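This report goes through one protein structure, from its overall layout to a single residue.

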Amino acid sequence: MIEAKNLQKSFGEVQVLKGVSLSVKQGEIVSIVGSSGAGKTTLLQLLGTLDRPSNPKECELLINNKKVVGLSDKALARVRNEDIGFIFQFHQLLPEFTALENACIPAFIKGTDKKQAEEKAKELLDYLGLSHRLTHKQCPFRR
């Protein structure tokens, strides 16, 4: 599902990722752990195609066997919509929508009908142990 080779990312003179390679198979659950500033978020942004590597000619990133390094913004948006998904914890959720509605939004953007989108969203939220929060609108810690 995800194959990354030699991912590098620098911000100015600070090299955050120095040739990261990894493979994640379909259905595999992976945790990325490390100290603050180790590059966890940067790695996730590269793997999620939200950012681009600093070494595009020297690295490789495949998502569902699609080479994504070098794709246009529009093509990357399609990959994000069709091949990968994110569940953000706080500010990325739209507070006026329930957890179920937030989980359905990518499917609606893709053109999936409401019933099918809701069934898949419920399945995913249940898998993540969140089915009890389907109708909740905001994180209880947020003000």
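The sections below cover the model, its fold, its surface and charges, and one asparagine.

## Basis of the model

The model is predicted: local features need pLDDT of at least 70, side-chain atom pairs count only at pLDDT 80 or more, and totals for chains, interfaces and linings use all residues. Residues are numbered from 1 along each chain as its sequence is written, and side-chain values use heavy atoms, with hydrogens and water left out.

## Fold

Four helices and four strands make up the secondary structure of the protein; these are DSSP runs (helices H or I, at least four residues; strands E, at least two), numbered from the N terminus. Their order along the sequence is β-β-α-β-β-α-α-α.

The C-alpha trace spans about 45 × 35 × 25 Å along its principal axes. Among contacts (heavy atoms within 4.5 Å) with a separation of 6 or more, 48% join residues 24 or more positions apart.

## Surface and charge

Of the 143 residues, 23% count as buried, meaning under 20% relative accessible area with a 1.4 Å probe, protein chains only. The protein exposes about 10,200 Å² (Shrake-Rupley method, 1.4 Å probe), and carbon and sulfur atoms supply 53% of that area.

There are 21 positive and 16 negative charges, and their mean positions lie 2 Å apart. Lys and Arg count as positive and Asp and Glu as negative, while His and the chain ends are not counted; each charge is placed at NZ of Lys, CZ of Arg, CG of Asp or CD of Glu.

## Asparagine 55

Asparagine 55 sits in the loop between helix H1 (40-47) and strand S3 (60-63). Asparagine 55 counts as buried because its relative accessibility is 5%. Leaving aside residues up to four places away in sequence, asparagine 55 touches Asn6, Leu7 and Gln8.

How values were computed: Buried < 20%, exposed > 50% of the residue type's maximum accessible area, 1.4 Å probe, protein only.
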